[in-house]
Amino acid sequence: MTSRRPDNFDGLGYRGIEDPAYSGGYSGRSFNSSSSVDLQNWVTTPPDIPGSRNLHFGERTPQFEAAPAAPGAEDTLPTAPPSEQLNRFAGFGIGLASLFTENVLAHPCIVFRRQCQVNYHARCYHLSPLTAISVMYNVTKSQGPKALWKGMGSTFVVQGVTLGTEGIISECTPLPRELSHKWNPKQVIGHLVLKGLTCVVAMPFYSASLIETVQSEIIRDNPGILDCVKEGVGRVMGMGVPHSKRLLPLWGLMLPTVLHGVLHYVVSSTVQRLVLFLLRRKSPAKQPVDGSETVQTMLDAYFPELMASFVASLCADVLLYPLEMVMHRLHIQGTRTIIDNTDLGFEVLPINTQYEGIRDCVNVIRREEGALGFYKGFGSIVVQYSLHAAVLQITKVIYSTLLQNS
């Protein structure tokens, strides 16, 4: 292939030669002989492409200059109030304080309540919170502060097993884990069946956790966190710690455990929705105007949920207290458990009951301990929820002060 470049091609000087094959009808101009006026007429101005400029001598290409702000643009930018971080943190902090009170601060009350429930020897029923606080102080004085926080790790294990079991069953079956606003009776029944199955799976671990919470610290070794799981599995397999012949089988404990778990959920859910509806109807949502009203609006958004949950748990525990007592006595029977003497707090007592079932347990308690025998240790309930209410109120005052001063 032959080259089409002319023999006399000499760079820019070639523009002075008129060649019809290459000029295309345009008259060539030479840069060497052209004047500045001709150059200005010959050079055309290309369109203004971003990043490319037609510059004169001595000028430089501008580099990504920021566009000038429009007048008044700074006024339109949203500025976060100084207390926004505290407003967002308020809900988390208040909820964390409530959770800490329910599972940590209230644990001594739960331990003492369960000991009173299973102690059929007790002459003092501790219906008043004053007597309950007195004996709890004696137990702490004789055995140390750890005596009233025993079994706290196992309670978290039971909660974890319950939540995990509920999630797995809901994923593997059509049973709904949550109820929508447009629920029907079929969904409600399936939801309650899911709660019942969860109670059945968590039942052996709950029984092991109950033994850890009521066992006296004097004769009790230091168990690990996973001992609850090991003893629960051993209860199912029939292995592990030896039990007496009075030990009830798991299928005999199924009815009171499922009945208590499902009824507690139904009562607490119903009361919670009712209280939340009444609180929101009494104080509807307000639009914040200034800082103080913003603080009050933030607190009103968080506290109705916590107050509804507080009242719901209180009502469920009070209404189902006799059933909980019967369930705990059936779970502890035949496990060779030794508890603290709840009359004084300085001695230990063995648990030797011979209940044949839930009906026999109810009849024996009514005959030997009376109607008030179903409410042994009720004063600890008063202490527990009084402490919970005080923590919620103190937390509310603290956050109100912080948000108003921010």
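Okay, let's start at Phe100, which lies in helix H4, residues 84-105. Helices here are DSSP runs of H or I with at least four residues, strands are E runs of at least two, and both are numbered from the N terminus. Quick caveat: this is a predicted model, where local features need pLDDT of at least 70 and side-chain atom pairs count only at pLDDT 80 or more, while totals for chains, interfaces and linings use all residues. Residues are numbered from 1 along each chain as its sequence is written, and side-chain values use heavy atoms, with hydrogens and water left out.

Back to Phe100. Its relative accessible area is 41%, so it counts as partly exposed; buried means under 20%, exposed over 50%, and partly exposed is in between, with a 1.4 Å probe and protein chains only.

Now, the chain as a whole. You've got 14 helices and two strands. Of the 406 residues, 37% are buried. As for contacts, meaning heavy atoms within 4.5 Å, take those with a separation of 6 or more: 79% of them are between residues 24 or more positions apart.

On to the rings. How many aromatic pairs does the structure hold? There are four. Rings of Phe, Tyr and Trp (its six-membered ring) pair if their centres lie within 6.5 Å; planes under 30 degrees apart are stacked, over 60 edge-to-face, and the rest tilted. One of the pairs is Phe310 with Tyr385, edge-to-face, at 5.7 Å centre to centre and 65° between the planes. That pair links distant parts of the chain: Phe310 is in helix H11 (residues 291-319) and Tyr385 in helix H14 (residues 378-405), 75 residues apart. Both Phe310 and Tyr385 are buried.

Another edge-to-face pair is Tyr375 and Phe378, with 6.0 Å between centres and 80° between planes. Tyr375 is partly exposed, because its relative accessibility is 29%. Ring pairs also bring Tyr321 into a cluster with Tyr375 and Phe378.

Last stop, Ser216. You'll find Ser216 in the loop between helix H8 (185-214) and helix H9 (227-237). Is Ser216 buried or exposed? Buried, because its relative accessible area is 0%. Leaving out residues up to four places away in sequence, Ser216 touches Gln143, Lys150, Ile338, Ile339, Asp340 and Val348.

That's my tour, so over to you.
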